[in-house]
Amino acid sequence: MPRIALGIEYDGSNFAGWQSQVDACGVQSVVEEGLSVVANHKVEVVAAGRTDAGVHAAMQVVHFETTATRTERAWMLGAVSNMPKTVSVLWAREVPEGFHARYSALARRYRYVILNRTPRPALNAQRAAWIREHLDEQRMHEAAQHLVGEHDFSSFRAAQCQARTPMRHLHEISVTRHGELVVLTVCANAFLHHMVRNIAGVLIAIGTGEQPVDWSAQVLAYKDRTLGGVTAVPGGLYLAGIRYAAALNLPSEPEFTVLAPTEAGSRRVP
């Protein structure tokens with residue numbers, strides 16, 4: 001039975017997260033409904049990772065099995081035509097039987113986007129976190145480097161996190177400014193529930209000068225979420241891409257162009 005992988009982009013503003021739910025609309029539900037129309041049979045997808053309510057994806061990856069014979073182009077265009085305009089399919093590929101969107105992933109990348117200006121946003125109200133106090137992105141970047149490597153991230157996991165272990169390997173992290181936009185980019189083997197939003201909350205406090213640069217290292221050492229500061233809002237968070245073995249030849253992270261123009265202009269965020 002053929003196994004198909006898809007790259008999916010979505011605006012999570014009006015969804016209750018990725019996962020299908022009985023009493024709320026998850027992105028998974030509309031993706032499965034769209035694919036089922038194209039396949040002419042019920043389709044169930046497996047995703048590389050879940051996102052919470054209000055969180056977006058520049059590229060989520062899913063896989064599914066099907067008895068239908070369709071071209072990759074037909075899967076992509078057919079699915080899109082049967083989904084809401086806030087969800088799109090970027091690509092479709094037939095993959096080996098052993099491929100698994102979640103367990104075959106080598107790394108995941110997230111971006112947290114902050115609109116750093118005095119006026120409150122209108123266009124980007126649900127697509128960026130708004131911080132009116134000036135942020136020093138250099139302090140934030142320096143503080144972020146304390147988190148690189150394999151650590152116990154208990155201070156950065158949500159109380160309801162169901163992961164068996166708080167150990168995660170954070171490969172790289174950066175904070176950069178692009179006009180009014182301050183962008184936190186994080187790549188790790190896997191993430192805990194709310195991990196990126198909690199990291200963002202710590203770095204924002206450092207960026208405003210509320211906390212010293214080494215506070216990120218202190219929070220990490222606490223291994224206690226109650227001492228870890230505020231969880232940043234979901235609207236600034238994007239699942240940016242999933243990395244797989246090069247031999248699979250799957251598209252990786254797309255260019256980040258989701259925000260409406262600000263003083264940063266329409267420049268892409270690399």
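Mentor: Please note that this is a predicted model, in which local features need pLDDT of at least 70, side-chain atom pairs count only at pLDDT 80 or more, and totals for chains, interfaces and linings use all residues. Residues are numbered from 1 along each chain as its sequence is written, and side-chain values use heavy atoms, with hydrogens and water left out.

Trainee: Is Tyr110 buried or exposed?

Mentor: The term buried means under 20% relative accessible area, exposed means over 50%, and partly exposed lies in between (1.4 Å probe, protein chains only). Tyr110 has a relative accessibility of 9%, and therefore counts as buried.

Trainee: What kind of aromatic pair do Tyr110 and Phe191 form?

Mentor: Rings of Phe, Tyr and Trp (its six-membered ring) pair if their centres lie within 6.5 Å; planes under 30 degrees apart are stacked, over 60 edge-to-face, and the rest tilted. The structure holds 5 aromatic pairs. In the one formed by Tyr110 and Phe191, the centres are 5.0 Å apart and the planes stand at 80°, so the pair is edge-to-face.

Trainee: How many residues apart are the two partners of this pair, Tyr110 and Phe191?

Mentor: Helices (H or I, at least four residues) and strands (E, at least two) are DSSP runs, numbered from the N terminus. Tyr110 belongs to strand S5 (residues 107–116), while Phe191 sits in the loop between strand S9 (181–188) and helix H4 (195–207). The pair thus links distant parts of the chain, its partners being 81 residues apart.

Trainee: Which cysteine has the sulfur nearest to that of Cys187?

Mentor: A disulfide is a pair of cysteine sulfur atoms within 2.5 Å, and the structure holds 0 of them. Cys187 is buried, with a relative accessible area of 1%. Its nearest cysteine sulfur is 19 Å away and belongs to Cys161.

Trainee: How are the axes of H3 and H4 oriented to each other?

Mentor: Axes are lines fitted to C-alpha atoms, for helices over the stretch in contact, with angles from 0 to 180 degrees between N-to-C directions. Those of helix H3 (residues 137–144) and H4 come within 8 Å and cross at roughly 135°. Angles under 35 degrees count as roughly parallel, over 145 as roughly antiparallel, 65 to 115 as roughly perpendicular and the rest as oblique, which makes H3 relative to H4 oblique.

Trainee: What is the phi of His194?

Mentor: Most residues other than glycine have a negative phi. His194, in the loop between S9 and H4, is buried at 18% relative accessible area. Its phi is positive, near 70°.
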